[in-house]
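Reader: I would like to go through a model and learn how to read its features one at a time. Could we start with the display?

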Amino acid sequence: MKKWMGLALSCFMVLSILAACSKNNDNNAASSGNSSPAKESSSPKAENGKPVEITFWGDWGGEGQKQFETMVDAFNKSQDKIRVKYVLQQDMITKFLTAATSGGSPDIMFWDRWRTDLYAPKNVLHPINEYMDRDGINKGDYYDEALKELSHDGKLYGLPLTVDARALFYNKKMFAAANLQPPTTWEELATDAKALTKWNGNKLDVAGFSLGDAGLFNMYLQQAGGRMMNAANDATDFNNEKGISVLNLWDRMLNQDKVYKIGFEQGLGEGTDAFVTGKLAMLYTGPWMLSTYKKFGQDLDFGVVPPPAGPNGDKGSVMGGFGLVIAEGSKHKDEAWEFEKWWLANKDNVLLWSKMSLNIPGFKPALDDPFFKDDPSWKPFLDTLEFAKIRPQHPGYSVMEGDGLVPNLQLFLEGKQDAATTLKKAQEQGDRLLKDNAEAK
Amino acid sequence: MLRSRKLNGHQARMAYLFISPTILLFAVFTVIPVFMAFYLSFTNYDVLSRMDWIGLANYRKLINDDLLWQTFRNVLYYTVIFVPLNILTSLLVALLLNKARMGVKVFRTLNYLPTLTSAVAAATVWLWILHPEFGLLNGFLGYFGITGPAWLSQTDTAMASVIMVTLWQAIGSNMVIYLAGLQGVPDYLYESAKLDGANALQRFRFITWPQLRPTTFLVSTMSIIGALQLFDQAFVLTQGGPANATKTPVYLIYQQGFNQLQMGYASSQAFVLALAILIFSLVNMKLSKAEESIV
């Protein structure tokens with residue numbers, strides 16, 4: 001009797017698991033095959049009197065989530081045809097990979113712009129050119145470089161939400177104590193950094209300038225008058241005298257003037273940030289650090305200037321930032337566009353978002369507002385954005401930089417490789433990585 | 001005789017029945033995906049738009065992928081240092097804590113604690129300890145007039161630092177396994193050896209070590225697999241740098257598959273890694289078989 005019960009029980013368990021599994025499979029199968037018009041028509045349209053619900057994905061939690069939700073609420077209150085819902089996806093891109101083709105696609109997404117070149121050719125993003133023409137949105141209102149980064153093959157895939165670029169942060173107290181002016185050229189940068197550095201025997205007390213991130217090579221190369229990729233956009237273009245001049249500057253500052261020590265800032269969090277604790281006099285960072293540094297008030301008296309110009313007076317910085325894109329898998333693209341247009345092509349709404357989140361918007365007319373005009377901390381960034389360039393538009397660019405170029409630069413900074421070898425090896429490895437990651441059809 | 005066989009048959013049936021849920025889950029979530037990945041490694045699958053058969057092209061591409069081979073050299077180096085050290089230290093700690101003394105449970109707990117902390121949180125703390133200027137370790141070395149290196153930012157010390165941190169975290173669980181093994185060694189073996197005049201070292205060499213053979217096999221196999229799949233701690237500590245010195249195959253596979261959308265190629269890389277793990281495990285099996293148990 002007992003045995004029989006045991007048998008029955010286990011059978012039941014096995015069957016229930018089987019059932020659960022097959023159920024899931026069925027669901028997946030049903031949803032993966034759904035470009036089906038049946039499903040589309042079954043969803044409620046605005047004409048029925050019911051509002052259309054659309055989903056907005058983003059990977060910003062915490063403060064960012066609150067800011068997004070404020071915008072969503074404001075939009076939902078402004079009309080009664082569309083209801084937007086913000087969904088936080090911590091691992092948004094990975095989630096989108098499966099969702100894009102299996103029916104769970106979001107309607108509109110918060111988008112790190114540089115990804116456009118990888119995803120647009122896969123037909124998972126919806127071009128907005130027709131909407132732009134229909135609604136008469138002026139492209140000239142946006143930063144050209146940001147629009148470029150959201151474009152692929154002549155099609156535009158979204159509007160820029162934020163723009164950013166690195167500029168030079170400096171500690172005003174230290175500069176006053178050493179009687180120095182913030183640098184405007186490489187030469188001044190090097191001499192200032194040397195004057196501000198303090199060693200105590202073998203211990204670095206104050207670093208004059210941060211050389212911790214070899215990934216900023218792109219920005220220095222622009223200042224030297226060079227560019228990362230050739231005109232055909234299929235190979236690297238830094239193995240030349242311009243690249244050498246960047247490495248010479250680094251070598252001079254790190255190894256001769258000893259204004260920095262490798263690993264000096266590694267692992268330091270917000271409260272122990274070397275710039276905050278007065279252990280670092282100058283560094284390159286972006287407007288996203290303004291709110292953090294301002295929190296320290298009187299304890300951290302800092303200024304910002306545009307990046308110093310290179311030996312021939314060339315200026316350079318790298319523009320980055322986010323946009324909003326509409327997913328090709330969305331069933332409510334028109335409604336998603338309405339939301340995007342409301343947020344990003346309307347000065348009041350752009351300002352509502354910018355003031356709340358302290359981001360520089362990609363919509364230029366909003367920058368005339370006193371919020372940006374009268375606060376001097378924005379000016380250096382707005383000046384920098386005038387000449388900042390986006391990363392080269394190649395699907396393999398980030399891999400080339402991260403796996404080909406930066407490791408070689410790190411060997412150079414450690415003194416294990418001379419400048420000529422560094423650039424030669426970076427070029428060889430970088431070009432191969434570009435080739436291997438080029439086809440994105 | 002017949003009766004007992006019948007009983008065995010019945011027991012076997014029940015046993016299969018009881019393990020069937022696990023086997024089923026294993027099949028659905030492990031075996032089937034493995035076969036799918038094997039198929040994908042012969043395609044240009046990009047998750048989003050295509051899945052065409054391209055034959056051996058991915059595997060041909062692998063041969064010239066210098067970065068992949070560098071990551072393999074990195075984890076091989078890591079494995080060769082990490083696995084023996086791991087066995088040695090966890091066995092030593094287990095031997096020390098095998099005695100029934102006052103307070104030994106406290107020490108067992110303390111040694112096990114690092115295993116309980118999340119890898120990422122522990123790595124963050126180690127980032128601090130290993131900081132070149134303000135870190136505990138270099139501060140300590142400073143008392144002896146030694147200027148410590150930038151542990152995680154220099155190519156010579158980065159991998160050694162990763163080994164140190166992962167070892168610190170791995171010892172606890174292996175110590176527990178060894179403790180269980182040590183408790184299973186019958187006391188009469190030691191007693192008779194003592195009667196025959198064997199000293200402590202001989203007792204360890206001829207009783208403890210051979211008796212622990214299955215335990216050592218388990219510990220070494222698990223740590224070989226873990227070592228070749230190194231990812232999270234190394235990633236938090238160094239992000240694969242400096243100069244790719246701590247970049248691992250798993251990191252590369254993830255990047256290739258999810259960031260570059262070359263899932264087919266990433267699958268072929270994953271199969272090379274699986275093959276490497278298989279080879280290492282087989283070698284390990286041979287080594288542990290070679291040393292025949294005495295009892």
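This is a predicted model: local features need pLDDT of at least 70, side-chain atom pairs count only at pLDDT 80 or more; totals for chains, interfaces and linings use all residues.

Reader: What share of the contacts in chain B between residues at least 6 apart in sequence joins residues at least 24 apart?

Author: In chain B that share is 72%.

Reader: How should I read the interface, and how many residues of chain B are in contact with chain A?

Author: The size of an interface is often given as the accessible area lost when the parts come together. Here the description is by residue contacts: 29 residues of chain B are in contact with 30 residues of chain A. On the chain B side, helix 1 (2-40) and helix 5 (119-129) each supply at least two residues. Helix 1 of chain B gives the most, with 6 residues. By class, this side has 17 nonpolar, 10 polar and 2 charged residues.

Reader: At what angle do helix 3 and helix 13 of chain A pack?

Author: Helix 3 (residues 62-78) and helix 13 (residues 333-344) of chain A pack at about 110°, with their axes 11 Å apart. Angles of 65 to 115 degrees count as roughly perpendicular, and the two helices of chain A are therefore roughly perpendicular to each other.

Reader: Which residues of helix 3 and helix 13 of chain A meet?

Author: Met71(A), Phe75(A) and Ser78(A) in helix 3 meet Phe339(A), Trp342(A) and Trp343(A) in helix 13. The residues of this contact comprise 5 nonpolar, 1 polar and no charged.

Terms used. Residues are numbered from 1 along each chain as its sequence is written. Chains are lettered from A and ligands numbered from 1 in the order in which they are written. Two residues are in contact if their C-beta atoms, placed from the backbone, lie within 7 Å. Helices (H or I, at least four residues) and strands (E, at least two) are DSSP runs, numbered from the N terminus. Ala, Val, Leu, Ile, Met, Phe, Trp, Tyr, Cys and Pro count as nonpolar, Asp, Glu, Lys and Arg as charged, and the others, Gly among them, as polar. Axes are lines fitted to C-alpha atoms, for helices over the stretch in contact, and angles run from 0 to 180 degrees between N-to-C directions. Angles under 35 degrees count as roughly parallel, over 145 as roughly antiparallel, 65 to 115 as roughly perpendicular and the rest as oblique.
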